[in-house]
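Take a look at the chain below. The text that follows walks through its strands, cores and charged pairs.

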Amino acid sequence: MKIAEKTVVQMHYTLTSDEGAVIDSSEGREPLQYIQGAHMIVVGLEKAMEGHEVGDKFDVKVIPAEGYGIYDERMTQEVPLNVFQGVEKVEVGMQFYAQTPAGPMPIRIKSVSGDKAVIDANHELAGKNLNFAIEVVSVREATEEELNPQGHCCCGGKGDGECKCGEEGHECECGGEGHKENCDGQGGCGCPNHDKHHGNA
């Protein structure tokens, strides 16, 4: 069976930077599973998966526009260190969640100087090419339940309410982080009906 819309795909992957550094890999873990066409992986990779079948091994370069977006300097901001209540020492690279009208948004500390820090709301891979080495492990048709889950979703499976992905104490299908490979921290949690529920493919 070839990979097509509404098929469940399992794959092993290794993601590297343009410099050859390994960013993430499924090596030594269970293969990543997703539903083709459900926006559970970045669009550039999903496009490249179409038509492949079990046993295929191939490389894919995903450009930023079809990955985690172009880096946007407007998504950086200088804030006083006292906004990070309860944090003894704010350091570069730390990640926090900021509450926004669209739900929790992950921010990283870009720099620290004196009593101020520059926060960055861009995805850590924004502006970067994503180089995937892929091996297709299995392909099958998705069940009706997988395509229309009635169980747990960030929004309760009803499409109402704000996504709580990443909030402390919230039990999300993605464990609050999502698949490391595709969660954007704004509800990109791998829910098969993510675009329908959250209005944000």
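This is a predicted model: local features need pLDDT of at least 70, side-chain atom pairs count only at pLDDT 80 or more; totals for chains, interfaces and linings use all residues.

**A walk through the fold**

Strand β5 pairs with strand β8 (residues 116-120) in the antiparallel sense, over five bridges.

Four strands form an open sheet in the order β5-β8-β7-β6, with antiparallel pairing. β5 and β6 stand at the edges. Each has a single partner strand, so one side of each is left without a neighbour in the sheet. Neighbouring strands here are turned by 40° against each other on average, direction ignored.

Now step back to the whole chain. The protein has three helices and nine strands. Along the sequence, the pattern reads β-β-β-α-β-β-β-β-β-β-α-α. Of its 201 residues, 40% count as buried.

Go next to the start of the pattern. β1 and strand β2 (residues 22-25) pair in the antiparallel sense over three bridges. In β2, S25 is the bridge partner of T14. The two strands, β1 and β2, form a hairpin with five residues between them. G20 sits in the turn and has a positive phi of about 95°.

T7 also lies in strand β1. Is T7 buried or exposed? T7 has a relative accessible area of 5%; the cut-off for buried is under 20%, so T7 counts as buried. Its contacts reach well along the sequence. Leaving out residues up to four places away, T7 touches M1, K2, Y34, I35, Q36, V139, R140, E141 and A142. Take Q36 from that list. T7 and Q36 are 29 residues apart in sequence, yet their C-alpha atoms are 5.5 Å apart in space.

In soluble globular proteins, nonpolar side chains tend to be buried together. The largest nonpolar core here has 26 residues. Which of the 26 residues touch the most other members? They are Y34, L45, M49, L130, F132, I134 and V136. Several elements give two or more residues to this core: β1 (7-16), β3 (32-35), α1 (43-49), β4 (57-62) and β9 (130-141).

M49 shows the packing residue by residue. Not counting residues up to four places away in sequence, M49 touches I3, V9, M11, Y34, Q36, I41, F58, I134 and V136. Y34, I134 and V136 in that list are also named among the core members that touch the most others.

A second, separate core has ten residues. Its members include F84, V90, I119 and A121.

How many aromatic pairs does the model contain? The count comes to one. F84 and F96 form that pair, with 4.8 Å from centre to centre and 40° between the planes. The geometry counts as tilted. F84 lies in the loop between β5 (76-80) and β6 (95-100), while F96 lies in strand β6. The pair therefore ties together parts that are twelve residues apart in sequence. Both F84 and F96 are buried.

Finally, turn to the charges. The count of salt bridges comes to nine. Three of them are described here, with their surroundings where known.

In one, D24 forms a salt bridge with R29, and the closest N and O atoms are 3.3 Å apart. D24 counts as buried, at 7% relative accessibility. R29 is partly exposed, with a relative accessible area of 44%.

In another, the side chains of D72 and R74 meet at 3.0 Å, N to O. R74 is exposed, with a relative accessible area of 75%.

E91 and K89 also join through their side chains, at 3.7 Å from N to O. E91 counts as partly exposed, at 38% relative accessibility. K89 counts as exposed, at 55%.

Technical notes. Residues are numbered from 1 along each chain as its sequence is written. Side-chain values use heavy atoms; hydrogens and water are left out. Rings of Phe, Tyr and Trp (its six-membered ring) pair if their centres lie within 6.5 Å; planes under 30 degrees apart count as stacked, over 60 as edge-to-face and the rest as tilted. Buried means under 20% relative accessible area, exposed over 50%, partly exposed in between (1.4 Å probe, protein chains only). A nonpolar core is a set of buried Ala, Val, Leu, Ile, Met, Phe, Trp, Tyr and Cys residues joined through side-chain atoms within 4.5 Å. Contact means heavy atoms within 4.5 Å. Two strands pair if DSSP finds at least two bridges between them. Axes are lines fitted to C-alpha atoms, for helices over the stretch in contact, and angles run from 0 to 180 degrees between N-to-C directions. A salt bridge is a side-chain nitrogen of Lys or Arg within 4 Å of a carboxyl oxygen of Asp or Glu.
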